[in-house]
Amino acid sequence: MSMSDSDFSSNGAECKTFRQISRDRLLNEMLGSVKTDDLKSTWKVLIMDKVTVKVMSYSCKMADITNQGVSLVEDLFRRRQPLPSMDAIYFIQPSKENVVMFMSDMSGRVPLYKKAYVFFSSPIPKDLVDRIKSDASLLPRIGALREMNLEFFAIDNQGFITDNAIALGELYADASENSRRYETCLDTMATQLATVFASLKELPFVRYRAAKSLDEGTATFRDLVPRRLAAAVSNSIQKYKSTIPSFPQSETCDLLILDRSIDQIAPVIHEWTYDAMCHDLLEMEGNKYVHEVTGKNGGQSEKKEALLEDHDPIWLELRHAHIADASERLHEKMTNLVSKNKAAQIQQNARDGSEISTRDLQKMVQALPQYSEQVDKLSLHVEIAGKINTIIREMGLRELGQLEQDLVFGDAGAKEVINFLRTKQDATPENKLRLLMIYSSVYPEKFEGDKGSKLMQLARLSADDMKAVNSMKVLEGSSYNKKTSVGGFSLKFDGQKRKQAARKDRTSEEETWQLSRFYPMIEELIEKLNKGELPKSEYVCVNEPSPTVQGGSQHVPSRTTSVLTAHSMRSRRTPTWARPRGSDDGYSSDSVLRNASSDYRNMGQRIFVFIIGGATRSELRVCHKLTKRLRREIVLGSSSIEDPPQYITKLKMLQEKQVSVDLDYLKLC
């Protein structure tokens, strides 16, 4: 039996993005490595389970799989037709149930397939290996038995999630303490997170956010989640040093493990980028947007699905842009397309009453296919941006967004919040709840005793909505109590009271777009980690690093050179879309596609940040921005990517005594 792993490494000669490496391993190292004995037929069957099919679908398209000689993709646990003349590739988790199903397929007198090539997504326990070896009829039919160590979902070039969409409830709910769900969730998360580093052949210097209580003896089960995950991940990775060929023996990157309590504002504040607005305001299913198009020959309109993903250059350019900037760029693109395209010009002339010559018709026919494709792509995004701007206007989100950011930066307090709730009774319950959640994060003392209930009554919110605010206190834990103070509640505001702030404002540069002040807390943490200024008392080291990894970015080895070139460390958190329009910000379509791979050359060691309980799109955006600024690839991992409505629903469940049914429902959503 051979055990192999990837030869890809951040120190290799070929620098690729995080997701490109995952894709190449699946297509080349796994599917491309299977060579059939039958020269007449090179087609193979690919069999996966419910987790590995997600691993594959996040990194590869069906056309990629077909190009590797796969003619049929099957579910391991569905009844399958015997194909004794074809070889089968099994990409499965190393569970007892999966191994039993594989063995039943290939054992006995008549196996389902000619030969089986088995690739496990994570390390297989020794007892299961022994079980496979003990079947004499099975062994001659196995062409390969390997550990791929790839059990994460690459959702972005610099982002991944584990199969723990309901981790917030399984690890932090009242019903989770001492439960089997708690242990299983942590074990699964640790195993899958460790495969990220096995796949990339990276040995991380692991740090985690310490328990909020200074006394470890009084720390709650929630406080200890980051520490337990860090220890489990570190233990798993240490085993790779002896089991994976050419695995590094000293640290090659940084891993910082946090939980959602690090920043409870980021998941609920209105983020004004195109990507975040799409997922916040539109009814999208994952990255799928459904829109109506006119039927053929002007017939009845029909629904069409569009995927907002990296293969779309317009999406790639605009996703991190402010919605106002995105709208302007789309208008410019459409204007330029019409002005430069012959078919569009001829059509415009026809509308003006000019006669179309035969030569004009010929030019129009020649230009029409490309023009039609370009218009379709642009029209899609023009429609989406238009719909978002309509919702912003109808819901009054600009005023609400301004108040949210003023609260965060200490420019607003009780007076402004109470005035908004009194005068904006038509605001949606969700938006009022999100405002109060931000308010409670900045002013926790305003929700002590019955004061929170009175605010909820003013906002006309339900007791169920109050659960979301109370759950924020649960996540914050012991540090919440330190911030609170005893005081009476009044709907009248004392203008002399000092206002509080959850963020430090940076005003050294003028911003191009309104509502672009907010930044997630991980931006500060990543910059401090890069400079070697992250306090070890608050962010504890699991393993002592080698001397080359300690300190700031000046001591971080490059992937292709020994020392990283000096770079600017601006303290101002200015989003890339807040720069002057004439600057080359790297986000134009041509720039994005031209520099897609070259951007990752000559970079320093990777920084991985893993957030337990869900990450936000603003945090993913920050990782892209800091990658350019720090010249180190920043990869964001989490148990899930959260949009505000789903996150609030999960928060409400944390105080439920019986959460199993609700959590299982959320897993299906």
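**Close-up views of a predicted model**

By the rule used here (a side-chain nitrogen of Lys or Arg within 4 Å of a carboxyl oxygen of Asp or Glu), the count comes to 38 salt bridges. This is a predicted model, where local features need pLDDT of at least 70, side-chain atom pairs count only at pLDDT 80 or more, and totals for chains, interfaces and linings use all residues. Residues are numbered from 1 along each chain as its sequence is written, and side-chain values use heavy atoms, with hydrogens and water left out.

**View A. Asp163 and Lys54 form a salt bridge.** Their side chains meet at 3.8 Å, N to O. Asp163 sits in the loop between β7 (159-161) and α6 (167-172) and Lys54 in helix α2 (residues 52-59), so this pair ties together parts that are 109 residues apart in sequence. Helices (H or I, at least four residues) and strands (E, at least two) are DSSP runs, numbered from the N terminus. Asp163 counts as partly exposed at 27% relative accessibility, and Lys54 is partly exposed too, at 37%. For these labels, buried means under 20% relative accessible area, exposed over 50%, and partly exposed in between (1.4 Å probe, protein chains only).

**View B. Asp280 pairs up with Arg434.** The salt bridge between these side chains spans 2.9 Å, N to O. It links distant parts of the chain, with Asp280 in helix α9 (residues 274-281) and Arg434 in helix α16, 154 residues apart. Asp280 is buried, and Arg434 is buried as well.

**View C. Asp464 meets Lys652 in a salt bridge.** The closest N and O atoms are 3.5 Å apart. Asp464 belongs to helix α18 (residues 463-476) and Lys652 to helix α23 (residues 644-652), so the pair ties together parts that are 188 residues apart in sequence. Asp464 is partly exposed at 37% relative accessibility, whereas Lys652 is buried at 17%. Elsewhere on the salt-bridge list, Lys16, Arg23, Asp24 and Asp64 are joined into one network through shared partners.

**View D. Helix α14 meets helix α16.** The axes of α14 (residues 397-408) and α16 (residues 429-442) come within 9 Å and cross at roughly 10 degrees; axes are lines fitted to C-alpha atoms, for helices over the stretch in contact, and angles run from 0 to 180 degrees between N-to-C directions. That makes α14 roughly parallel to α16 (angles under 35 degrees count as roughly parallel). On the α14 side, Leu397, Leu400, Leu403, Glu404, Leu407 and Val408 meet Asn431, Leu435, Ile438, Tyr439 and Val442 of α16, where contact means heavy atoms within 4.5 Å.

**View E. Tyr274 sits in the largest nonpolar core.** That core has 132 residues, and those with the most contacts inside it are Met56, Phe91, Leu171, Leu229, Tyr274 and Ile388. A nonpolar core here is a set of buried Ala, Val, Leu, Ile, Met, Phe, Trp, Tyr and Cys residues joined through side-chain atoms within 4.5 Å. Helix α7 (residues 180-200) supplies the largest share of this core, 11 residues. Leaving out residues up to four places away in sequence, Tyr274 touches Trp315, Leu318, Arg319, Ala321, Ile323, Ala326, His381, Ile384, Ala385 and Ile388.

View F. Thr195 is buried, at 0% relative accessible area. Its contacts, not counting residues up to four places away in sequence, are Ser121, Ser122, Asn149, Leu150, Glu151, Phe152 and Tyr240. Pro123 is 72 residues from Thr195 in sequence, with 8.8 Å between their C-alpha atoms.

Methods
Angles under 35 degrees count as roughly parallel, over 145 as roughly antiparallel, 65 to 115 as roughly perpendicular and the rest as oblique.
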